Amino acid sequence: MSKDYKLTPEEGIAGKYVSSYVDESGMLKAIDIHDDDHFNFGYDVVDVLAKKCPDKTAMLHISKEGKERRITFRDMSVYSNKTANYLRYLGIRKGDRVLLILKRHYQFWFTLVALHKIGAIAVPCSFLLTKKDLEYRFRAGGINAVVCTSDGDVADEVMKATKNYMGLKARIIVGGSREGWSNYNRDIRFFSSHLSRPQNAACGDDAAIMFFTSGTTSYPKMATHSHKYPLGHYVTAKYWHQVDSNGMHFTISDTGWGKALWGKIYGQWLCEAPIFTYDYDEFFAKEILSMMEKYHMTSFCAPPTVFRMLVHVDMRKFDLSSLKNVTTAGEALNPEVYEKFYKATGLKIMEGFGQTETTLTVANLKGMKPKPGSMGLPSPMYNVKIMGEGGREVGVGETGEICLDVRGKEQRGLFLGYYLDKEKTDAVLHDGFYHTGDTAYKDEDGYLWYVGRVDDIIKSAGYRVGPFEIENEIMKLPYVLECAVTSVPDRVRGQAIKASIVLTKGYTPTDKLRKDTMKYLKNNLASYKRPKFVDFVEALPKTSSGKVRRSEIKEKDWSE
């Protein structure tokens, strides 16, 4: 697409790597990312900004106790250097994989940038994971070190998960002290703030970050991204979030999820825009609105679940006049929520779509008129096709799979593959296309409308949950013969999780058995994975080959 337009460099530090064409209405028509074979976000963005605008706010961080920290770009450079030297002292080297379980602690940013600088691979994880979840992740990722919050029972779960794991070089705890762990907050003071970029610094196509996907028909895969990945989020921040370099951007996300890197660091700092982080334990809509008023947010991004909660509050009581643009992604946004938010604020929610394996793929970008319920138009970053059976591109109004044409030009922002899993990589990257597994249809104006997930993934309260792990845990119960996990409608979460269970011979469905099942799941599954409903059934619908038809269960529940 770029060859059809006269591209010009973007403003600021991004101009070295990003050129674009924007029409008279301000709408992005074409974009090109270039000269990034030696790009490293830590050195080429954070350190450059530390010299260009050292006293400018990089992040305003509010602790759960309400303590304010204004962290400048100079601070970010200094403390990422100190952290890099600390990690090196602990034996962490280029290519090592480091698990980050840091909630919304500001130390996450110091550590992530430090890992980029030393060339180790960051592996963000949710603090909600249990021993079983973590055991799998340590083994699958060959994890070499873990940096973990001291909050709650997270460190205990890590210790249980690594009791017989021999691959760890270091356990580092943040926010407290613990026997057998290095203490980040205490130790970081003793390390130098000087760090020179080595000649063999990780960059370009070297692996920089890995995300565990939400497993659907198998356990979660590890989507690997290169050091070029941050540049792929320039469109996310500049043309979707529409961040203001003199404003304040707020994305609601825990750092254990890919969404945090969409909205809480890469694209925003490429646009030289400050970010806001609130390290809360529990979400309260009125508290979030008060923060937006007090700190004069100019742009805001959150999953649809958050907007569903916000529209139940009288938002007219809060001064949100500083807010200029709001965005959402993670699941389909209900049109009625869109309308209620617009009526209360005068702001149109700009929906977007992407995956752990990509950056922003489809969106309502700057200059577009959003259609409530639509994901928007394909991003100029990618060549998006809606494909039907036999590899054909479907017509207007026809449902097909969202695919990315990867023939020819390199796709910045697209993952390198699944770590140590060529079979699963080849299953989605073949015949010149990346197959997302998500389906949609295109209307006469080219807008895309989400239909559903090919493999029955569940999106509940902003989390993406695959049924396999949950079913695998349920099958451990002695009275379970078969089970299937599906979604049911939920007014707040969008979707809730339901488990349909066939009992073994000799057991009968009772309230006590249901309560015992729920208690077991509470003790063995992360909170966001626990079924809200348990239904005992005589049989599960199946295909002729004996495979369970989850779609049939789901269709029945959603029609009711």
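This is a predicted model: local features need pLDDT of at least 70, side-chain atom pairs count only at pLDDT 80 or more; totals for chains, interfaces and linings use all residues.
Two strands are said to pair if DSSP finds at least two bridges between them, and strands of a sheet pair through backbone hydrogen bonds, either parallel or antiparallel.

From the backbone we can turn to the side chains, starting with the aromatic rings. A search of the whole structure finds 29 aromatic pairs. In one of them, the ring centres of phenylalanine 73 and tryptophan 269 are 5.6 Å apart and the planes stand at 75°, and because planes over 60 degrees apart count as edge-to-face, this pair is edge-to-face. Phenylalanine 73 lies in helix H2 (residues 73-89) and tryptophan 269 in helix H10 (residues 266-270), so the pair ties together parts that are 196 residues apart in sequence. Both phenylalanine 73 and tryptophan 269 are buried, and both rings are members of one aromatic cluster, formed by Phe41, Phe73, Phe211, Tyr229, Tyr266 and Trp269.

Another edge-to-face pair is formed by phenylalanine 300 and phenylalanine 307, with 5.8 Å from centre to centre and 70° between the planes. Phenylalanine 300 is buried, with a relative accessible area of 1%, and phenylalanine 307 is buried too, with a relative accessible area of 0%.

Lysine 103 lies over the face of phenylalanine 127, at 5.0 Å from the ring centre, and the charged end of arginine 104 sits over the ring of tyrosine 280, 4.1 Å from its centre.

Charged side chains meet each other as well, and the structure holds 38 salt bridges. One of them joins lysine 294 to glutamate 68, with the closest N and O atoms 3.8 Å apart. Because lysine 294 lies in helix H11 (residues 285-294) and glutamate 68 in strand S5 (residues 68-72), this pair ties together parts that are 226 residues apart in sequence. Lysine 294 is exposed, with a relative accessible area of 53%, whereas glutamate 68 is partly exposed, at 41%.

A further salt bridge is found between lysine 228 and glutamate 410, where the closest N and O atoms are 3.0 Å apart. This pair links distant parts of the chain, 182 residues apart: lysine 228 is in the loop between strand S12 (222-226) and helix H7 (229-232), and glutamate 410 is in the loop between strand S21 (400-405) and strand S22 (417-418). Lysine 228 is buried, with a relative accessible area of 2%, while glutamate 410 is partly exposed, with 37%. Both residues take part in a network of salt bridges that links Asp36, Asp37, Asp205, Lys228, Glu410 and Arg412.

Terms used: Residues are numbered from 1 along each chain as its sequence is written. Side-chain values use heavy atoms; hydrogens and water are left out. Rings of Phe, Tyr and Trp (its six-membered ring) pair if their centres lie within 6.5 Å; planes under 30 degrees apart count as stacked, over 60 as edge-to-face and the rest as tilted. Helices (H or I, at least four residues) and strands (E, at least two) are DSSP runs, numbered from the N terminus. Buried means under 20% relative accessible area, exposed over 50%, partly exposed in between (1.4 Å probe, protein chains only). A charge sits over a ring if NZ of Lys or CZ of Arg is within 6 Å of the ring centre and within 35 degrees of the ring normal. A salt bridge is a side-chain nitrogen of Lys or Arg within 4 Å of a carboxyl oxygen of Asp or Glu.
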